[in-house]
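The following note concerns side-chain packing in the structure shown below.

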Amino acid sequence: MNASTFRRNLKPWILPIAMVLGILLHNYINLVAGLSPCLIFLMLLITFCKVSPNDFHISKFIWILLSVQILGAIAAFILIKPFSEDIAQGAFICIFCPTATAAPVITGILGGSITLLATYSLISNISVALLAPFLFSLIGTESNIEFSHSIFTIGSKVFPLILSPLALALLFRAYMPKVHKQIANRQSLSFYLWALALIIVVGNAVSFIMKEPADKIPEMIAIALVSLVACCLQFYVGRKIGRRFGDKISGAQGLGQKNTVLAIWMALTYLNPISSVGPAAYVAWQNTINSIQLYYKGKNEKTRVSKLN
């Protein structure tokens, strides 16, 4: 077995391995938690070096995905609230949460449009920053939200991670084309950087859940199960929408892959803190789905190679 075949066979298992390491090492994750933004920055820089600025545009596809994200979150909260407001908040934040800044990385590996996902990730995060103060003031119970302050706080957490690597990639393209080309040819590195970041995200999520009191376990299980349903539905609906526009992978990743770190922070800050169990569990659900997709992609590629031989 050569190195290329070994990497192809190993890739579907990288994310599960990262999640297991995050669980096992959760007591020590706080020592390296500060590396997470740096890892996301680097993998987005690598990803953005592959795309052309002419490819960025806001299409009907993006507006439909955004409508499903926002209206779906509101609908889920309204439907579940009569049964449990905490579970309703957990469902809301799992759907309302913007697309992960790392989504273009996985999308590119799976064969979707990196530029479409990069554009949607930016639009999704901007929309959440603008709408969150208003919506949280209606459903939140934990704080009085000042509109301008909330926009600045949320924006300061997500915009630099998206805009800075994009700006640097464009500068490399314009003024350092050889460096830009070298980075663009190293796309596989972004996946392994994401796996390292995932260890930190999972470790933080496990540490948070373990701090909750034991009497909250039944409610936490219910929120985690609702989070699973929300995750599966978003990948499914996104795939269905994407198929209409000829890019089912981008549709699925755009709706399904979430910025869970931001979601946990928003839930802890503006909602009942127990609702943050939803996005904490979502970390496992979305990366399990991503692992399954990578497995089948690798299996299909292996089948094609064997047929050619």
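1. In this predicted model, 6 aromatic pairs are counted when ring centres must lie within 6.5 Å. One of them joins Phe92 and Phe136 in an edge-to-face arrangement, with 6.2 Å centre to centre and 70 degrees between the planes. Because Phe92 belongs to helix H4 (residues 85-96) and Phe136 to helix H6 (residues 114-139), this pair ties together parts 44 residues apart in sequence. Phe92 is buried, at a relative accessible area of 1%, and Phe136 also counts as buried, at 1%.

2. Phe136 also pairs edge-to-face with Phe96, at 6.0 Å centre to centre and 80 degrees between the planes. This pair links helix H4, which holds Phe96, to helix H6, which holds Phe136, across 40 residues. Phe96 is buried, with a relative accessible area of 0%. One aromatic cluster is formed by Phe77, Phe92, Phe96 and Phe136.

3. The largest nonpolar core comprises 38 residues, and Met43, Phe191, Trp194 and Leu198 have the most contacts inside it. Helices that each supply at least two of its residues include H1 (3-24), H7 (147-175) and H13 (277-308). The most comes from H9, with 11 residues. Another core, of 28 residues, lies apart from it; Ala91, Ile93, Leu262 and Tyr282 are among its members.

4. Beyond its neighbours within four places in sequence, Leu198 contacts Leu15, Ala18, Met19, Val283 and Asn287.

5. Helix H8 has His180, Ile183 and Ala184 buried. Viewed down the axis of H8, its buried residues fall within an arc of 100 degrees, so they line one face of the helix. The face of H8 turned away from the buried side carries Lys178 and Lys181, which are exposed.

Conventions:
Residues numbered from 1 in each chain as written. Heavy atoms only, no water. Core = buried A, V, L, I, M, F, W, Y, C linked by side-chain atoms within 4.5 Å. Buried < 20%, exposed > 50% of the residue type's maximum accessible area, 1.4 Å probe, protein only. Helix = DSSP H or I, 4+ residues; strand = E, 2+ residues; numbered from the N terminus. Contact = heavy atoms within 4.5 Å. Arc of directions from axis to C-beta. Phe/Tyr/Trp six-rings, centres within 6.5 Å; stacked < 30°, edge-to-face > 60°.
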